[in-house]
Amino acid sequence: MAETPPRALTIGGSDSGGAAGIEADLRAMTACGVHGCVAMTAVTVQNSLGVSGVHLVPPETVAAQVRAVVSDIGVGAAKTGMLATAGIIEAVAGVVDEVGIGREGTPFVLDPVAALMYGEPLLADDAMEAIRTLLFPRAALATPNLDEIRLLAGITVTDRDTAWKAADALHDLGARWALVKGGHLHGSPEVTDLLSDGTETWEFTGPRIDTPHVHGAGDALASATCAALARGLAMPDAVAYAERYIRRAVAASYPLGAGTGPVSPLWAIAEWDSVPGEH
(Lines give C-alpha, C1' and ligand atoms only; values in the text may rest on other atoms or scores of the structure.)
Protein backbone atom coordinates (compact mmCIF):
# COMPACT_ATOMS: atom_id res chain seq x y z
CA MET A 1 0.00 0.00 0.00
CA ALA A 2 1.09 3.57 -0.67
CA GLU A 3 1.94 5.86 2.23
CA THR A 4 -0.89 8.16 3.37
CA PRO A 5 -0.30 11.60 1.82
CA PRO A 6 -0.59 14.90 3.68
CA ARG A 7 -4.20 15.98 4.26
CA ALA A 8 -5.87 19.36 3.88
CA LEU A 9 -9.43 20.57 4.48
CA THR A 10 -11.52 22.93 2.38
CA ILE A 11 -14.58 24.58 3.93
CA GLY A 12 -16.72 26.05 1.17
CA GLY A 13 -19.47 25.78 -1.40
CA SER A 14 -19.87 23.35 -4.26
CA ASP A 15 -19.83 24.33 -7.95
CA SER A 16 -21.96 22.03 -10.09
CA GLY A 17 -19.90 23.12 -13.12
CA GLY A 18 -16.73 21.75 -11.51
CA ALA A 19 -14.69 24.91 -12.13
CA ALA A 20 -14.66 26.78 -8.82
CA GLY A 21 -15.54 26.18 -5.18
CA ILE A 22 -14.63 22.94 -3.46
CA GLU A 23 -14.30 21.20 -6.81
CA ALA A 24 -11.49 23.62 -7.76
CA ASP A 25 -9.98 23.14 -4.31
CA LEU A 26 -9.89 19.36 -4.62
CA ARG A 27 -8.51 19.53 -8.17
CA ALA A 28 -5.63 21.72 -7.01
CA MET A 29 -4.96 19.76 -3.82
CA THR A 30 -4.78 16.49 -5.73
CA ALA A 31 -2.41 17.98 -8.31
CA CYS A 32 -0.23 19.22 -5.44
CA GLY A 33 0.04 15.77 -3.88
CA VAL A 34 -2.38 16.24 -0.99
CA HIS A 35 -5.54 14.36 0.02
CA GLY A 36 -8.36 16.90 0.19
CA CYS A 37 -11.21 16.67 2.71
CA VAL A 38 -14.40 18.72 2.58
CA ALA A 39 -16.80 20.58 4.83
CA MET A 40 -19.53 21.76 2.45
CA THR A 41 -21.31 25.04 3.22
CA ALA A 42 -23.61 25.34 0.20
CA VAL A 43 -24.72 23.61 -2.97
CA THR A 44 -24.88 25.97 -5.92
CA VAL A 45 -26.77 25.61 -9.19
CA GLN A 46 -23.98 26.82 -11.44
CA ASN A 47 -22.47 26.52 -14.89
CA SER A 48 -19.99 28.48 -16.99
CA LEU A 49 -22.49 31.34 -17.34
CA GLY A 50 -23.09 31.94 -13.64
CA VAL A 51 -24.97 30.95 -10.49
CA SER A 52 -28.73 30.51 -10.69
CA GLY A 53 -29.44 28.99 -7.28
CA VAL A 54 -27.96 28.31 -3.84
CA HIS A 55 -28.97 25.80 -1.15
CA LEU A 56 -27.29 26.44 2.21
CA VAL A 57 -26.06 23.73 4.57
CA PRO A 58 -27.11 24.32 8.21
CA PRO A 59 -24.28 25.88 10.27
CA GLU A 60 -24.26 22.99 12.76
CA THR A 61 -23.76 20.53 9.89
CA VAL A 62 -20.85 22.57 8.55
CA ALA A 63 -19.21 22.46 11.97
CA ALA A 64 -19.92 18.74 12.35
CA GLN A 65 -18.13 18.00 9.06
CA VAL A 66 -15.01 19.84 10.25
CA ARG A 67 -15.13 18.03 13.59
CA ALA A 68 -15.57 14.62 11.96
CA VAL A 69 -12.67 15.07 9.54
CA VAL A 70 -10.17 16.48 12.01
CA SER A 71 -10.95 14.02 14.81
CA ASP A 72 -10.37 10.97 12.61
CA ILE A 73 -8.32 11.83 9.53
CA GLY A 74 -6.43 14.87 10.75
CA VAL A 75 -5.35 17.77 8.53
CA GLY A 76 -2.09 19.66 8.09
CA ALA A 77 -3.81 22.83 6.87
CA ALA A 78 -7.30 24.15 6.16
CA LYS A 79 -8.87 26.82 3.98
CA THR A 80 -12.20 28.52 3.52
CA GLY A 81 -14.09 29.47 0.41
CA MET A 82 -17.74 30.50 0.14
CA LEU A 83 -19.20 30.69 3.66
CA ALA A 84 -22.40 32.48 2.59
CA THR A 85 -23.90 33.71 5.89
CA ALA A 86 -22.94 35.15 9.25
CA GLY A 87 -24.34 32.04 10.91
CA ILE A 88 -22.05 29.72 8.95
CA ILE A 89 -19.06 32.01 9.57
CA GLU A 90 -19.77 31.99 13.31
CA ALA A 91 -20.00 28.18 13.27
CA VAL A 92 -16.70 27.89 11.38
CA ALA A 93 -14.95 30.26 13.78
CA GLY A 94 -16.18 28.22 16.74
CA VAL A 95 -15.24 24.80 15.37
CA VAL A 96 -11.77 25.76 14.14
CA ASP A 97 -10.98 26.98 17.65
CA GLU A 98 -12.32 23.71 19.03
CA VAL A 99 -10.16 21.48 16.79
CA GLY A 100 -6.98 23.57 16.85
CA ILE A 101 -7.12 25.17 13.41
CA GLY A 102 -6.12 28.81 13.32
CA ARG A 103 -3.43 31.44 13.28
CA GLU A 104 -1.27 29.79 15.93
CA GLY A 105 -2.37 26.18 15.34
CA THR A 106 -2.91 24.19 12.16
CA PRO A 107 -2.43 26.73 9.32
CA PHE A 108 -5.70 28.39 8.28
CA VAL A 109 -5.96 30.04 4.84
CA LEU A 110 -8.80 32.55 4.54
CA ASP A 111 -10.02 32.93 0.96
CA PRO A 112 -12.84 35.39 1.76
CA VAL A 113 -15.25 34.77 -1.11
CA ALA A 114 -17.17 38.03 -0.86
CA ALA A 115 -17.58 39.17 -4.47
CA LEU A 116 -18.90 37.72 -7.69
CA MET A 117 -16.63 37.41 -10.74
CA TYR A 118 -17.42 40.94 -11.92
CA GLY A 119 -17.05 42.65 -8.55
CA GLU A 120 -20.57 42.70 -7.17
CA PRO A 121 -20.93 41.93 -3.43
CA LEU A 122 -21.85 38.32 -2.71
CA LEU A 123 -22.44 38.57 1.04
CA ALA A 124 -24.80 40.53 3.26
CA ASP A 125 -23.31 43.23 5.50
CA ASP A 126 -23.48 41.07 8.64
CA ALA A 127 -21.54 38.29 6.89
CA MET A 128 -18.90 40.79 5.70
CA GLU A 129 -18.50 42.01 9.27
CA ALA A 130 -18.27 38.43 10.57
CA ILE A 131 -15.42 37.73 8.13
CA ARG A 132 -13.60 40.85 9.35
CA THR A 133 -14.05 40.25 13.07
CA LEU A 134 -14.15 36.44 13.35
CA LEU A 135 -12.04 34.97 10.53
CA PHE A 136 -9.27 37.49 9.83
CA PRO A 137 -7.93 37.27 13.41
CA ARG A 138 -7.76 33.46 13.06
CA ALA A 139 -6.10 33.43 9.63
CA ALA A 140 -2.48 32.51 9.02
CA LEU A 141 -2.98 33.86 5.48
CA ALA A 142 -5.70 35.91 3.77
CA THR A 143 -5.98 35.78 -0.03
CA PRO A 144 -8.76 38.18 -1.14
CA ASN A 145 -9.00 39.36 -4.73
CA LEU A 146 -8.99 43.09 -5.44
CA ASP A 147 -12.79 43.42 -5.36
CA GLU A 148 -12.87 41.66 -2.00
CA ILE A 149 -10.14 43.97 -0.67
CA ARG A 150 -12.30 46.93 -1.69
CA LEU A 151 -15.37 45.48 0.03
CA LEU A 152 -13.64 44.24 3.18
CA ALA A 153 -10.92 46.83 3.75
CA GLY A 154 -12.20 49.85 1.81
CA ILE A 155 -9.09 50.15 -0.37
CA THR A 156 -9.13 50.26 -4.16
CA VAL A 157 -5.88 48.79 -5.46
CA THR A 158 -4.65 50.48 -8.61
CA ASP A 159 -0.86 50.18 -8.39
CA ARG A 160 2.05 48.97 -6.27
CA ASP A 161 1.63 51.68 -3.61
CA THR A 162 -2.05 50.92 -3.03
CA ALA A 163 -1.24 47.20 -3.00
CA TRP A 164 1.14 47.86 -0.08
CA LYS A 165 -1.60 49.82 1.70
CA ALA A 166 -4.03 46.95 1.13
CA ALA A 167 -1.57 44.44 2.57
CA ASP A 168 -1.20 46.60 5.68
CA ALA A 169 -4.98 46.92 6.00
CA LEU A 170 -5.48 43.15 5.75
CA HIS A 171 -2.77 42.62 8.34
CA ASP A 172 -4.50 45.17 10.60
CA LEU A 173 -7.70 43.13 10.36
CA GLY A 174 -5.78 40.32 12.06
CA ALA A 175 -4.35 38.05 9.36
CA ARG A 176 -0.76 37.03 10.13
CA TRP A 177 0.08 37.10 6.41
CA ALA A 178 -1.74 38.82 3.53
CA LEU A 179 -1.49 38.09 -0.19
CA VAL A 180 -2.59 40.92 -2.48
CA LYS A 181 -3.17 39.47 -5.94
CA GLY A 182 -2.63 41.60 -9.03
CA GLY A 183 -4.42 39.47 -11.60
CA HIS A 184 -7.35 41.88 -11.87
CA LEU A 185 -5.06 44.86 -12.57
CA HIS A 186 -5.22 44.80 -16.35
CA GLY A 187 -3.06 46.87 -18.67
CA SER A 188 0.31 45.45 -17.66
CA PRO A 189 2.20 42.65 -19.44
CA GLU A 190 3.07 41.21 -16.02
CA VAL A 191 1.15 40.17 -12.92
CA THR A 192 2.63 40.86 -9.49
CA ASP A 193 1.28 39.37 -6.27
CA LEU A 194 2.47 40.84 -2.99
CA LEU A 195 2.87 38.80 0.21
CA SER A 196 3.34 40.62 3.51
CA ASP A 197 3.56 39.73 7.19
CA GLY A 198 3.29 43.36 8.21
CA THR A 199 7.07 43.77 8.40
CA GLU A 200 8.61 42.01 5.40
CA THR A 201 7.29 41.79 1.85
CA TRP A 202 7.78 39.27 -0.94
CA GLU A 203 6.78 39.92 -4.56
CA PHE A 204 5.90 37.21 -7.08
CA THR A 205 5.90 38.40 -10.68
CA GLY A 206 5.05 36.49 -13.84
CA PRO A 207 3.84 37.18 -17.38
CA ARG A 208 0.17 37.94 -17.91
CA ILE A 209 -1.37 35.01 -19.79
CA ASP A 210 -3.82 36.02 -22.51
CA THR A 211 -6.88 33.88 -21.76
CA PRO A 212 -10.46 34.62 -20.69
CA HIS A 213 -10.71 31.23 -18.99
CA VAL A 214 -9.74 31.95 -15.39
CA HIS A 215 -12.73 30.61 -13.47
CA GLY A 216 -11.56 29.16 -10.16
CA ALA A 217 -8.13 30.83 -10.26
CA GLY A 218 -8.47 32.34 -6.79
CA ASP A 219 -9.71 29.06 -5.34
CA ALA A 220 -6.85 27.16 -6.95
CA LEU A 221 -4.16 29.57 -5.71
CA ALA A 222 -5.46 29.43 -2.12
CA SER A 223 -5.81 25.65 -2.30
CA ALA A 224 -2.32 25.14 -3.69
CA THR A 225 -0.97 27.30 -0.86
CA CYS A 226 -3.00 25.28 1.64
CA ALA A 227 -1.62 22.06 0.15
CA ALA A 228 1.95 23.35 0.40
CA LEU A 229 1.39 24.31 4.05
CA ALA A 230 0.00 20.81 4.70
CA ARG A 231 3.24 19.46 3.23
CA GLY A 232 5.19 21.47 5.80
CA LEU A 233 6.45 24.44 3.79
CA ALA A 234 6.93 27.81 5.49
CA MET A 235 4.52 30.53 4.34
CA PRO A 236 6.75 32.37 1.80
CA ASP A 237 7.79 29.03 0.28
CA ALA A 238 4.19 27.79 0.26
CA VAL A 239 3.01 30.90 -1.59
CA ALA A 240 5.92 30.64 -4.05
CA TYR A 241 4.94 27.01 -4.69
CA ALA A 242 1.32 28.01 -5.27
CA GLU A 243 2.33 30.88 -7.56
CA ARG A 244 4.24 28.45 -9.78
CA TYR A 245 1.25 26.12 -9.77
CA ILE A 246 -1.34 28.75 -10.71
CA ARG A 247 0.72 30.13 -13.58
CA ARG A 248 0.81 26.67 -15.12
CA ALA A 249 -2.89 26.15 -14.37
CA VAL A 250 -3.88 29.42 -16.07
CA ALA A 251 -1.69 28.59 -19.08
CA ALA A 252 -3.48 25.22 -19.32
CA SER A 253 -7.00 26.67 -18.93
CA TYR A 254 -9.63 25.54 -21.38
CA PRO A 255 -13.06 26.60 -22.70
CA LEU A 256 -16.07 24.99 -21.07
CA GLY A 257 -19.69 25.59 -21.97
CA ALA A 258 -20.78 28.95 -23.35
CA GLY A 259 -19.13 31.11 -20.69
CA THR A 260 -15.87 31.28 -18.76
CA GLY A 261 -13.79 28.12 -18.60
CA PRO A 262 -11.65 26.95 -15.66
CA VAL A 263 -7.97 27.04 -14.87
CA SER A 264 -6.69 23.51 -15.18
CA PRO A 265 -4.68 21.12 -13.01
CA LEU A 266 -4.37 18.66 -15.86
CA TRP A 267 -0.87 19.87 -16.78
CA ALA A 268 0.33 18.24 -13.55
CA ILE A 269 -1.05 14.82 -14.45
CA ALA A 270 1.10 12.61 -16.66
CA GLU A 271 -0.63 11.41 -19.80
CA TRP A 272 -1.16 7.68 -20.27
CA ASP A 273 1.04 6.18 -22.94
CA SER A 274 -2.05 4.43 -24.23
CA VAL A 275 -5.67 3.95 -23.24
CA PRO A 276 -6.33 0.40 -21.93
CA GLY A 277 -8.07 -1.64 -24.56
CA GLU A 278 -6.93 0.52 -27.47
CA HIS A 279 -4.26 -0.77 -29.83
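Tutor: A residue is called buried under 20% relative accessible area, exposed over 50%, and partly exposed in between, with a 1.4 Å probe and protein chains only. This is a predicted model, in which local features need pLDDT of at least 70 and side-chain atom pairs count only at pLDDT 80 or more, while totals for chains, interfaces and linings use all residues. Residues are numbered from 1 along each chain as its sequence is written, and side-chain values use heavy atoms, leaving out hydrogens and water.

Student: Is Cys-32 buried or exposed?
Tutor: Cys-32 is buried, at a relative accessible area of 2%, and Cys-226 is buried too, at 0%.

Student: How many disulfides does the structure hold?
Tutor: A disulfide is a covalent bond between the sulfur atoms of two cysteines; here the criterion is a pair of cysteine sulfur atoms within 2.5 Å. The structure holds 0 disulfides. Cys-32 is in none, since its nearest cysteine sulfur, that of Cys-226, is 10 Å away, which is too far for a bond.

Student: How should I read a cavity?
Tutor: Rolling a probe the size of a water molecule over the atoms shows where empty space is left. On a 1 Å grid over the protein atoms alone, a cavity is a set of points where a 1.4 Å probe fits but cannot get out, and lining residues have an atom within 4 Å of a point. The count comes to 1 cavity of 30 Å³ or more, and about 50 Å³ of space lies in the largest cavity, whose lining includes Arg-27, Tyr-245 and Pro-265.

How values were computed. On a 1 Å grid over the protein atoms alone, a cavity is a set of points where a 1.4 Å probe fits but cannot get out, and a pocket is an open set with protein on both sides within 12 Å along at least five of seven lines; lining residues have an atom within 4 Å of a point. Grid points are joined across faces, edges and corners, and a volume is the space filled by probe spheres set on the points.
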